[in-house]
Amino acid sequence: MTGQPIPVIIDCDTGVDDALALLFAVRHPGIELRAVTCVAGNTDVDGVVRNTLTVLEQAGAPDIPVARGAARPLIEEPRSARHVHGEDGMGDLGLPAPTRTPSELDAVALLRREILGSPRPVTLVPTAPLTNIALLLRTHPEVTAHIERIVWMGGAVAAGNATPVAEFNVWHDPEAAAVLLTSGVPITMYGLDVFNRVQVPGEDVRRLRGSGEPGARLAGELLAHRPSAPDPAPDPDPDGDDPAGGLGDAGAVCAVADPGGLTTRRLPVEVSLAPGPTRGQTIVDLRPRHGESEIHDGARPQPLVDVALDVDVRRYVDLYLSAVEGRPGSR
Ligand code: BDR
Ligand code: CA
């Protein structure tokens with residue numbers, strides 16, 4: 001690693017894989033985690049705050065400011081993903097309750113303070129529905145000049161998960177995702193196409209679970225968590241005793257520490273806000289040239305996003321393990 005650590009803020013809905021992302025961000029020497037903000041998504045926002053505080057304590061980082069944010073999407077009712085993340089929203093691991101309370105600032109106020117107060121532009125990593133981020137961008141648009149990049153877990157080029165075409169974080173609050181995409185800030189979209197692929201082999205999960213160090217052991221327990229609904233992610237060792245575990249949201253933070261592990265293309269992306277089966281879809285224009293629509297009706301202005309199309313799985317698994325287990329050589 002060379003140079004100063006990258007100032008990062010994570011906006012999350014902790015969340016099994018959000019917890020994996022927090023553990024990595026706290027432990028990677030190239031990242032300075034300035035704050036964590038919480039939003040309703042995988043579970044209710046109070047559960048997200050509790051889970052986030054617990055993870056930071058287990059990771060040995062109890063002083064990072066945490067703020068409570070939006071309790072529901074801009075327009076719709078909240079719809080949790082407890083069938084994936086457990087009743088407590090973080091794998092029902094029986095972890096102790098946190099010993100501290102969140103910031104007195106709400107999420108938007110903490111985001112503003114930390115973005116404007118950072119000596120260097122901040123990288124924002126939303127791993128959740130975009131409600132807090134949309135409220136921030138509409139309330140304090142001056143922050144955009146102080147954001148280096150938004151590395152966003154959300155969307156999909158191909159298949160969705162919440163619906164056949166919509167990824168959960170976009171589906172939960174499509175209008176908020178549209179605000180993010182039109183913010184003018186450089187965006188990397190770490191969508192389901194890469195998210196689903198980064199799997200930690202079972203033998204590594206087993207080693208983590210057996211660790212005597214609480215943060216590494218928690219990573220192992222989180223990676224071993226299985227949703228009550230069937231998981232479509234491929235297990236590279238389906239006959240083995242130790243199933244692989246997906247890094248999920250943590251892959252987006254790996255992409256901050258090591259952007260070279262992703263293959264991206266700058267492409268037009270928009271969110272379908274229409275009611276019906278396409279609502280929440282990220283429509284990524286992969287066409288090499290204009291089609292009849294643009295020829296006859298003219299091109300519409302559309303935000304360009306660096307869309308992740310491929311990921312070096314082994315590179316991100318190694319990066320994750322070396323940071324969380326405290327081994328030298330984290331990029
Ligand atoms: C996203 O939805 C949540 O369940 C995960 O934490 C991740 O952020 C994947 O669609
Ligand atoms: Ca998440």
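## Ground rules

In this predicted model, local features need pLDDT of at least 70 and side-chain atom pairs count only at pLDDT 80 or more, while totals for chains, interfaces and linings use all residues. Residues are numbered from 1 along each chain as its sequence is written, chains are lettered from A and ligands numbered from 1 in the order in which they are written, and side-chain values use heavy atoms, with hydrogens and water left out.

## The calcium ion

Let us start with the metal. Asp-13 (OD), Asp-18 (OD), Asp-18 (OD), Thr-127 (O) and Asp-249 (OD) coordinate the calcium ion (ligand 2), at 2.2 to 2.6 Å. Donors here are N, O and S atoms within 2.8 Å of the metal (3.2 Å for Na, K and Ca); water is not among the atoms, so sites may look incomplete. Along the chain, the donors follow the spacing D-x4-D-x108-T-x121-D.

Asp-18 belongs to helix H1, and Thr-127 to the loop between strand E4 (122-126) and helix H5 (131-139), so this pair ties together parts that are 109 residues apart in sequence. Helices (H or I, at least four residues) and strands (E, at least two) are DSSP runs, numbered from the N terminus. Asp-18 and Thr-127 are both buried, where buried means under 20% relative accessible area, exposed over 50% and partly exposed in between (1.4 Å probe, protein chains only).

## Around ligand 1

There are 13 residues around ligand 1, and Asp-17, Asn-42, Asn-161, Glu-167 and Asp-249 come nearest; a residue counts as near if one of its heavy atoms lies within 4 Å. Asp-249 is also one of the residues coordinating the calcium ion (ligand 2).

Polar side-chain atoms reach oxygen atoms of ligand 1 from several residues. The distance is 2.6 Å for Asp-17, 2.7 Å for Asn-42 and 2.8 Å for Asn-161.

## Aromatic pairs

The whole structure holds two aromatic pairs. Rings of Phe, Tyr and Trp (its six-membered ring) pair if their centres lie within 6.5 Å; planes under 30 degrees apart count as stacked, over 60 as edge-to-face and the rest as tilted. Phe-24 and Tyr-320 are stacked, at 5.6 Å centre to centre with 20° between the planes. Phe-24 sits in helix H1 (residues 16-27) and Tyr-320 in helix H13 (residues 313-324), so the pair ties together parts that are 296 residues apart in sequence. Both Phe-24 and Tyr-320 are buried.

The rings of Phe-168 and Trp-171 have centres 6.0 Å apart and planes at 40°, so this pair is tilted. Both residues lie in helix H6 (residues 168-172), three residues apart, about one turn of the helix. Arg-79 lies over the face of Trp-171, at 3.7 Å from the ring centre; this requires NZ of Lys or CZ of Arg within 6 Å of the ring centre and within 35 degrees of the ring normal.

## Helix H10

Buried residues of helix H10 (residues 214-224) include Gly-215, Leu-218 and Leu-222. Among the elements covering the buried residues of H10 are H1, helix H2 (45-58) and H13.

## Backbone details

The peptide bond from Thr-14 to Gly-15 is cis, with omega near -10°. Gly-15 is in the loop between strand E1 (6-12) and H1.

Asp-92 has a positive phi, near 50°, in a residue other than glycine. Asp-92 lies in the loop between helix H3 (82-85) and helix H4 (107-117) and is partly exposed, at 42% relative accessibility.

Conventions: Contact means heavy atoms within 4.5 Å. A polar contact is a pair of N or O atoms within 3.5 Å; within protein, one must be able to donate a hydrogen and the other to accept it, and residues adjacent in sequence count only if both atoms are side-chain atoms.
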